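Hello,

Here is the structure I said I would pass on.

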Amino acid sequence: MATFLLRLAAPLQSWGADSKFETRKTNREPTKSGVIGLLAAALGLRRDDTAGLARLNSLRFAVRADREGSLLVDFHTANREEDRKKGKAPYVTYRHYLQDAVFLVGLESEDTALLQVLETALKHPAYPLYLGRRSCPPTLPLCLGTRAGELLDTLRTEPLLVQKTSVDTLRIVADADPADAAAAPRCDLPVSFSPVHRQYGFRPVREWNTKRPAMPGQTEHDAMAELR
């Protein structure tokens, strides 16, 4: 068993799961459908490639919130051409974002070759990558490599991704066993990203709190060392 780790950080992220009409909300953490979309873009999959998405859906998914970020609500005015011709006024849409959040995402699989393919694709993506919306490109590093071990154990022990934090516990949100009484269904499993007919299924999700792991140590860097 191995776990591939991603660092999802950017000035803005947006991970909508239940957005409708003029208000486009975001979850507090990355959704599995959003991360699968990121992987699919890197691999160059077609939006209606159901077999390719099914293979990615088989990865066990979890996310640790190293920095929760803060909510930003932006608004846009929209007016379709046909509405303008009819004299209709523009309407306002509200879009929710997470500011300055940092997440550690784990993808677990027994197929280590698949995890290697994903890492290579993310470093050389077929299409541009973004964190939920096209206006949210990720900062680097994105890939943190593969660790030998199970998903939750890896997320509990991986060093913190931020230098300064005052929190003692971190949230972990992960795929759960359907028989787990503490699990809740979430409509967050992409079947097809086709713009004609998007399809999502349900997955069981559970949230844990874990003690904050060790923070990364300070390093000393002497830029002139090689000149001496």
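On the surface, L71, V73, F75, V92 and Y94 make up a nonpolar patch with about 470 Å² of accessible area together. Two elements give two or more residues each to this patch: strand 5 (70–78) and strand 6 (91–99). Strand 5 gives the most, with 3 residues. Helices (H or I, at least four residues) and strands (E, at least two) are DSSP runs, numbered from the N terminus. Patches take residues with over 30% relative accessible area and no salt bridge; like charges are joined within 9 Å, and nonpolar side chains (Val, Leu, Ile, Met, Phe, Trp, Tyr) within 5 Å. Accessible areas come from the Shrake-Rupley method with a 1.4 Å probe, and for residues only the protein chains shown count as cover.

This is a predicted model: local features need pLDDT of at least 70, side-chain atom pairs count only at pLDDT 80 or more, and totals for chains, interfaces and linings use all residues. Residues are numbered from 1 along each chain as its sequence is written, and side-chain values use heavy atoms, with hydrogens and water left out.

V92, in strand 6, counts as partly exposed at 32% relative accessibility. (Buried means under 20% relative accessible area, exposed over 50%, and partly exposed in between, with a 1.4 Å probe and protein chains only.) N57, by contrast, belongs to helix 2 (residues 50–57) and is buried, with a relative accessible area of 15%. Leaving out residues up to four places away in sequence, N57 touches K32, I36, L189 and P190; contact means heavy atoms within 4.5 Å.

Next, the salt bridges. The structure holds 14 of them, each being a side-chain nitrogen of Lys or Arg within 4 Å of a carboxyl oxygen of Asp or Glu. One joins R147 and E158, whose closest N and O atoms are 2.9 Å apart. R147 is in strand 8 (residues 143–148), and E158 is in the loop between helix 5 (151–157) and strand 9 (169–175), 11 residues apart.

Which residue meets D175 in a salt bridge? The partner is R203, at 2.5 Å from N to O. R203 sits in strand 11 (residues 199–211) and D175 in strand 9, 28 residues apart. R203 also forms a salt bridge with D188, where the closest N and O atoms are 2.8 Å apart. D188 is in strand 10 (residues 184–192) and R203 in strand 11, so this pair ties together parts that are 15 residues apart in sequence. Both R203 and D188 are buried.

Regards
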